[in-house]
Amino acid sequence: MYQAFYGFTERPFQLTPNPRYLYLSPKHREALATLRYGLTASLGVTVLLGEAGTGKTTLLSAALYAERRPEHRHVVLNNPTLAPAEFYEMLADRLAMPQGAGSKSKFLLAFEKDLVARHQAGGLTSIVIDEAQSLTHQLFEEMRLLANLETATAKLVNLVLVGQPELADRLNDPSLRQLKQRVVLRCSLEPLELRSAASYIAARLQVAGGAPRDVFTKDAIVAIFEASRGIPRTIGVICENALLAGFAAQKKPIDGAIVAEVCKDLDLPSNGRPPRAAGGRQPGAAGPGASPGQSGGAAAGSRRWFSFGAGDLKADAADDEGAAPTAQDGKGMFRFF
């Protein structure tokens, strides 16, 4: 609907884990490296934690994309609320092992033979559980037993558990101490800071074919950050609604007043108060203590933070060639404030 008006080739804030839109803050970069290592090294159990909406599934998709190799096999289960029998039935299907279907014992016999053969050929099998905080206690125990499949020198199965902070609480249960002891790698994702949130928005706009400075004003970005509290998924929801509202009002760029209205409709106050741009000062106007670079007309002031040159754009992807494609980065993309 709004794509042509803002110059997009596609919607920039779709809520799908598209690796093309991956944005790597320093913490996301660290988590991506941890996931990739956990998928390819014979270690045991890797845990990735993060609040809902911080980008865990997108990061996981990028890691799996980067580590796609013929000798490696990755199985992803994103619905962990299964009974043990259903879990093994799904594993047999995902692993294309019809001889292992029907019973747990048949599956384990076939699975272990397959793991040994793959290991001897230089490969590795990884089982990835998304939303792992929802695993039943029985399945956590099954995970531990699968992690025990090993030779004298290597683990035959890598387990990657991705979940919300409640997963840490589950692993701290004394009855799961044996599984926790097998966790070799562990990292956490945090909400974005203001500068990273601004760069995250701009990166997605650029991937979708838009010019960031023509879409949102500085005050709009601050208002989006305050209302979202730096959660990428919430940022995307606010931006999507703001683009629709801006298109309906034929407003370009979108200012803080539009974002304030959108946040009100979404019931998203920022720190207990309306977003900053909903106050008396107009977006782009110079306020008390403003620097000379922030003064001037409303249009010029509102776009000031979007002034950047080609030299400011740097790829924020992982350095090696196997990395998934990523959006342009947030380091130095904007001269913010």
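User: Is Arg144 buried or exposed?
Analyst: Arg144 is buried, at 11% relative accessible area (buried is under 20%, exposed over 50%, partly exposed in between, with a 1.4 Å probe and protein chains only). Keep in mind that this is a predicted model, where local features need pLDDT of at least 70, side-chain atom pairs count only at pLDDT 80 or more, and totals for chains, interfaces and linings use all residues. Residues are numbered from 1 along each chain as its sequence is written, and side-chain values use heavy atoms, leaving out hydrogens and water.
User: OK, which side chain does Arg144 meet in a salt bridge?
Analyst: Glu141, at 2.4 Å from N to O. A salt bridge here is a side-chain nitrogen of Lys or Arg within 4 Å of a carboxyl oxygen of Asp or Glu. Glu141 is partly exposed at 26%.
User: Where do Arg144 and Glu141 sit?
Analyst: In helix H6 (residues 137–147), three residues apart, so about one helical turn separates them. Helices (H or I, at least four residues) and strands (E, at least two) are DSSP runs, numbered from the N terminus.
User: What about Arg73, what does it form a salt bridge with?
Analyst: Asp114, with the closest N and O atoms 2.2 Å apart. That pair links distant parts of the chain, 41 residues apart: Arg73 is in strand S2 (residues 72–77) and Asp114 in helix H5 (residues 104–120). Arg73 is buried at 13%, while Asp114 is partly exposed at 24%.
User: How many salt bridges in the whole structure?
Analyst: The search finds 10. Arg36, Glu67 and Arg69 are linked in a network of them.
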